[in-house]
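Welcome, and thanks for taking a look at this one with us.

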Amino acid sequence: ALNIKGNSNDYLLWANLADAYRWSPSDKNKAKAAYQQALNILQQQFSDEIQSAEIHSRKALFQAKIGLQKQALISVEHTLTIAPENTEMVFNAVVTYEVLGKRAKAIQQLKKLLGLNYPLNIIQVEPELTDLRRSAQYQALLLEHNQNSTNIHTE
């Protein structure tokens with residue numbers, strides 16, 4: 001796909017390639033360079049002045065996956081300031097925090113996400129959230145969410 005004319009400047013294609021590398025044991029070492037390329041293209045195409053939550057959200061994800069913790073935290077916080085109730089942006093924040101090892105923040109945003117009625121099945125299949133889903137905090141959050149949902153339906 002990257003060899004098709006014009007596609008080498010598509011940050012989403014580079015990010016998809018990076019994700020594929022990240023989950024392929026034999027290609028895992030290629031992921032960082034592909035994420036860096038996606039980030040470079042994203043930053044060339046969109047200036048920091050652009051107040052797009054989606055751009056800052058993607059930037060945060062790429063930065064986190066490269067290991068740029070400080071920059072990723074700035075980007076994710078900026079995203080949540082711009083679009084605190086946008087479910088896609090909050091979901092990306094959950095993933096970003098989890099990739100960064102900030103489990104408490106990931107759980108906090110996940111609780112918010114569930115309160116915004118985000119589909120649980122999407123959370124349950126996101127590979128970046130595998131370890132989070134195995135945690136006691138996640139199980140407790142699900143239990144609380146299910147109890148709250150049951151209470152709403154019985155009232």
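At what angle do helix α1 and helix α3 pack, and how far apart are their axes? In this predicted model, helix α1 (residues 11-22) packs against helix α3 (residues 53-66) at about 35°, and the axes lie 12 Å apart. The points below go through this pair, then a second pair, then a serine.

**Helices α1 and α3**
- The two helices cross in a left-handed sense.
- On the α1 side, the contact is made by Tyr-11, Leu-12, Ala-15, Asp-19 and Arg-22, and on the α3 side by Ile-55, Arg-58, Phe-62 and Lys-65.
- Sorted by class, the contact of α1 with α3 has five nonpolar and four charged residues, with no polar ones.

**Helices α5 and α6**
- Helix α5 (residues 87-99) and helix α6 (residues 103-115) have axes 8 Å apart and pack at an angle of about 160°.
- Because angles over 145 degrees count as roughly antiparallel, α5 is roughly antiparallel to α6.
- The crossing of α5 and α6 is left-handed.
- From α5, Thr-87, Val-90, Phe-91, Ala-93, Val-94, Tyr-97 and Glu-98 meet Arg-103, Lys-105, Ala-106, Gln-109, Leu-110, Lys-112 and Leu-113 of α6.
- By class, the contact of α5 with α6 has eight nonpolar, two polar and four charged residues.

**Ser-135 in its loop**
- Ser-135 sits in the loop between α8 (130-133) and α9 (136-154).
- Its relative accessibility is 7%, so Ser-135 counts as buried, the cut-off being under 20%.
- The Ser-135 side chain reaches the backbone oxygen of Leu-132 at 2.6 Å.

Definitions and conventions. Residues numbered from 1 in each chain as written. Predicted model: local features only at pLDDT ≥ 70, side-chain atom pairs only at ≥ 80, totals over all residues. Heavy atoms only, no water. Axes fitted to C-alpha atoms, helices over the stretch in contact; angles between N-to-C directions. Helix = DSSP H or I, 4+ residues; strand = E, 2+ residues; numbered from the N terminus. Parallel < 35°, antiparallel > 145°, perpendicular 65-115°, else oblique. Left-handed = near helix turned anticlockwise from the far one by under 90°. Contact = heavy atoms within 4.5 Å. Nonpolar A, V, L, I, M, F, W, Y, C, P; charged D, E, K, R; others polar. Buried < 20%, exposed > 50% of the residue type's maximum accessible area, 1.4 Å probe, protein only. Polar contact = N/O pair within 3.5 Å; in protein donor to acceptor, adjacent residues only side chain to side chain.
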